[in-house]
Amino acid sequence: MRANVNVVLVSLLVFLAISSCNGGQLSPVFYRKSCPQLGRIVRNITWSKVAANPTFAAKLLRLHYHDCFVQGCDASLLIDSTDGNTAEKDARPNRSIGGYEVIDEIKAKLEEECPDIVSCADIVALAARDAVSYQFGRSMWQVFGGRKDGRVSLATEAARDLPSGGANYTSLQDQFAGLGLNYIDLVALSGAHTIGVAHCVVFARRLNFTGKGDIDPSLDTAYAEFLKTQCPSRPNPDTTVELDENSSLSFDSNYYVGLRQNKGLLGSDAALLTDRRAAWVARRFQNFHVFMARFGKSMMKMGDIGIKTGDDGEIRKNCRVIN
Ligand code: HEM
């Protein structure tokens, strides 16, 4: 009898833990019967791409974030523009997004193996997780399945809903809160900037703060001088700088170490230090294990934003085109 009560209690706790993560809509076993090979297919393709070109880790991670913040995690970012519609991917903040071809390759393979079963939105979430996880040789967080693909993709919404690189703390916190993400999620997810690069134009204002050649006082002076050498006043539009100095291919907690030395590259990174509570969290995240545990949790919360289920969405045949 006692054992039975324990089993029921444990099952209830597991159920609550799962449903509290996603409002009960997504499931860890969603494709177990319909496409059991899904996990293996996505991991194999993603890992081979990242092995051949490590910059794909940052690209695929950012792709998932830019998808989720606009219309929810529904692969609306993957839809190509048409004559009558300028889609999200052609909005200014999305022009530097990459990795679409990896998603296409995964989708093509899945359509061979389990046609019409796996949504592009779920592929994006899995590929982001696997891209980051490659470095560790194991999955760093769980990805639940069951997202449907959206049918709406508007450049105007992307321009409106994605925070800018110069955003201050209040606007970042408000934008995240509007999507159910709290200040700890904001600090944790900003840690994605431990990998990848930014174009000079995105932080140029910090190097000419009041228009008189002076630097943003919240930026470390020596680091600002280094940035000026990388990004002269009229930089090549393709020039980029590592978001996490000397460590942009390694997913680690060095971002927070740099941040606390005023070497956060973007204004939005530096903004995290302007709030007492956020600065305290950033300090804690200098410990990789503390950071990674929370990053995974926050990624799961981000992957839950605006989920479409049932007739709300579809399983696209081709991720670039509405069925
Ligand atoms: C907090 C608000 C955020 C702002 C304002 C922001 C802004 C930016 C900007 C301006 C860039 C440089 C883009 C370029 O010049 O090409 C960038 C890069 C990047 N962002 Fe964010 N970001 C934010 C949050 C996030 C989140 C939540 C993630 C993922 C979970 C993320 C992942 C990345 C990655 C991986 C890159 C590097 C991309 C690459 O190297 O291709 N960012 N971000």
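Buried means under 20% relative accessible area, exposed means over 50%, and partly exposed is in between, using a 1.4 Å probe and protein chains only. By that rule, G39 is partly exposed, with a relative accessible area of 33%.

Some background before I go on. This is a predicted model, in which local features need pLDDT of at least 70 and side-chain atom pairs count only at pLDDT 80 or more, while totals for chains, interfaces and linings use all residues. Residues are numbered from 1 along each chain as its sequence is written, and side-chain values use heavy atoms, with hydrogens and water left out.

Back to G39. G39 sits in helix α2, residues 38-52; helices here are DSSP runs of H or I with at least four residues, strands are runs of E with at least two, and both are numbered from the N terminus. P93 is 54 residues from G39 along the chain, and their C-alpha atoms are separated by 30 Å.

Next, a pair of helices. At what angle do the axes of α4 and α5 cross? Helix α4, residues 100-113, and helix α5, residues 120-133, have axes that come within 10 Å and cross at roughly 120°. The axes are lines fitted to C-alpha atoms, for helices over the stretch in contact, and angles run from 0 to 180 degrees between N-to-C directions. That angle makes α4 oblique to α5; under 35 degrees counts as roughly parallel, over 145 as roughly antiparallel, 65 to 115 as roughly perpendicular, and the rest as oblique.

Contact, from here on, means heavy atoms within 4.5 Å. On the α4 side, I103, I106, K107 and L110 meet C120, I123, V124 and A127 of α5. Those residues divide into seven nonpolar, no polar and one charged. Nonpolar covers Ala, Val, Leu, Ile, Met, Phe, Trp, Tyr, Cys and Pro; charged covers Asp, Glu, Lys and Arg; the others, Gly among them, are polar.

Helix α4 also holds E111. E111 is buried, at 15% relative accessible area. Setting aside neighbours within four places in sequence, E111 is in contact with D116 and K317.

Now α8. Seven of the eight residues of α8 are buried, among them Y183, D185 and L186. The buried residues of α8 pack against α7 (169-177), α11 (254-260), α13 (276-284) and α14 (288-302).

Last, H193, in the loop between α8 (183-190) and β1 (197-199). H193 counts as partly exposed, at 22% relative accessibility. Not counting residues up to four places away in sequence, H193 touches L243, D244, Y255, L266 and D269.
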